[in-house]
Amino acid sequence: MMPQRTDDISDLCEAVLSLSKVTAGERVCLLTTHVFDERVLDGFRIALGRLGADAVRLILPPQTAGPGWVNPIQLGSYAERILKGANMVVRVNTTRTVADVSMYTQVVREVLFSGVRWLDVNGEELLMRRLFPTQALIARTRGGAERMGKAQTLRITSPAGTDLVIRKRGRKGHAQIGVVDEPGRWDNFGFGLVACAPEEDQTQGRVVFDVGDSLGLFQGPYHNLMNERVTFHFEEGKIVRVEGGNLARAYEGYLKKMNRPEHCRIAHIGWGTHDRATWSGPSFTVGDWESYYGNVMLHLGHNIFDTPVANSGLGGRNKPSADWPIPQHSGGVILGHSLWLDGEQILEEGRIVPRDLQ
Ligand SMILES: [Fe+2]
């Protein structure tokens with residue numbers, strides 16, 4: 001039987017933009033590097049036209065120094081001025097073959113603090129469809145970020161031996177829902193998570209990454225999960241020991257070789273809220289990894305990313321030790337953990353406890 005309707009990618013792009021309340025006459029900048037998927041970008045162009053946006057496309061030329069890439073948007077550049085003139089930036093990422101814009105750079109921070117909404121979109125149609133956010137996801141994630149923002153301490157435990165206490169006095173709660181509906185808000189389409197940046201020197205205890213958990217790209221593609229335990233010991237916010245077998249030794253060597261002291265401290269920690277995110281398998285992506293329902297993501301590294309919006313951004317003080325390149329966060333994602341905000345239990349071995357956050 002023939003399907004009842006077709007749904008062109010421009011319809012999907014229109015739905016993505018409508019969630020972020022793009023209105024007629026709004027200045028929207030569709031941003032990519034010089035390598036992109038024309039079909040997806042065309043989908044956004046048509047959708048922006050249908051919504052009546054005053055849209056432009058900005059294709060960043062490659063910026064290199066010698067054989068290496070540098071940040072494709074430089075501070076003080078014409079590109080920065082164009083972005084600051086927009087009401088909203090839609091940055092579509094369709095390839096990972098060239099250096100791309102990073103939310104952890106000063107230039108993106110300045111664009112956000114000038115009041116521009118910024119939506120990152122992984123422009124793979126399969127993902128955009130599978131991870132399209134529901135109103136329930138948006139509500140439980142916003143609710144979680146509010147709770148996270150008020151909390152002063154966060155504790156995680158697990159049957160495998162995790163027992164870590166984090167202080168986060170004065171640090172905001174960050175919601176990632178794929179929607180930018182207020183000036184200065186940043187988001188990542190297809191993600192669902194709550195996070196925060198801890199106080200830099202207060203984290204104490206140990207975290208056990210168990211078999212089946214993930215150390216992210218350290219082990220190659222995201223679907224390469226761990227086959228042995230690695231335990232990180234923290235004192236005064238810093239990793240002081242990585243305990244375990246060959247994998248632990250290799251990870252210690254990786255951190256040492258990277259030689260970025262900020263990667264010995266937590267960048268952000270929180271939980272996943274996306275009920276359609278998968279764990280492992282060929283379609284397991286960075287969005288699934290960070291957003292998997294009831295996970296705990298614990299990333300190491302820089303966390304100065306911030307926005308003027310209450311539940312968007314980290315506002316940490318763990319600065320990158322070099323402006324470029326900005327390496328991916330290290331650390332990873334752990335399952336089956338329990339999590340408390342002050343005295344309130346939020347996760348019980350990977351299950352979200354409060355009814356309104358489920
Ligand atoms: Fe991260």
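Which side chains meet in a salt bridge at 4.0 Å, N to O? I went looking and found K21 and D181. A reminder to myself before going on: this is a predicted model.

**Entry 1: the two domains**

I looked up how the protein is divided, and got domain 1 at 9–130 and domain 2 at 135–357. I then checked the spacing of their C-alpha centres, which comes out at 25 Å. For contacts, I noted 30 residues of domain 1 touching 34 residues of domain 2. Together the two domains bury about 2600 Å² between them. Carbon and sulfur atoms carry 63% of that area.

**Entry 2: polar links across the interface**

How many salt bridges does the rule find across the interface of domain 1 and domain 2? I wrote down two. I also looked up polar contacts there, and the rule gives 13 residue pairs across the interface, both residues at pLDDT 80 or more.

Next I asked myself which elements build the side of domain 1 that touches domain 2. My list has α1 (9–19), α4 (106–113), β6 (117–122) and α5 (125–130), each supplying at least two residues. The largest share of that side is from β6, with five residues. I sorted the residues of this side by type as well: 17 are nonpolar, five are polar and eight are charged.

**Entry 3: the iron ion**

Which residues coordinate the iron ion? I found three histidines named: H268 through NE2, H299 through ND1 and H329 through ND1. Their distances run from 2.1 to 2.3 Å. I jotted down the spacing of the donor residues in sequence as H-x30-H-x29-H. H268 sits in strand β15 (residues 266–272), while H329 is in the loop between β16 (296–300) and β17 (330–334). I noted that this pair links distant parts of the chain, 61 residues apart.

**Entry 4: salt bridges again**

I went back for the count by the rule, and it comes to 27 salt bridges. One that I looked at is R50 with D11, where the closest N and O atoms are 3.2 Å apart. Why does this pair tie together parts that are 39 residues apart in sequence? I checked the places: R50 lies in helix α2 (residues 38–51) and D11 in helix α1, so the bridge joins those two parts.

Is the peptide bond from W324 to P325 cis or trans? I have it down as cis, with omega near -5°. P325 is placed in the loop between β16 and β17, and I had already put H329 in that loop.

I found N259 in the loop between α7 (246–258) and β15.

Key
Residues numbered from 1 in each chain as written. Predicted model: local features only at pLDDT ≥ 70, side-chain atom pairs only at ≥ 80, totals over all residues. Heavy atoms only, no water. Domains from an automatic or database assignment. Contact = heavy atoms within 4.5 Å. Buried area = accessible area lost by both parts, 1.4 Å probe. Polar contact = N/O pair within 3.5 Å; in protein donor to acceptor, adjacent residues only side chain to side chain. Helix = DSSP H or I, 4+ residues; strand = E, 2+ residues; numbered from the N terminus. Nonpolar A, V, L, I, M, F, W, Y, C, P; charged D, E, K, R; others polar. Donors = N, O, S within 2.8 Å, 3.2 Å for Na, K, Ca; no water.
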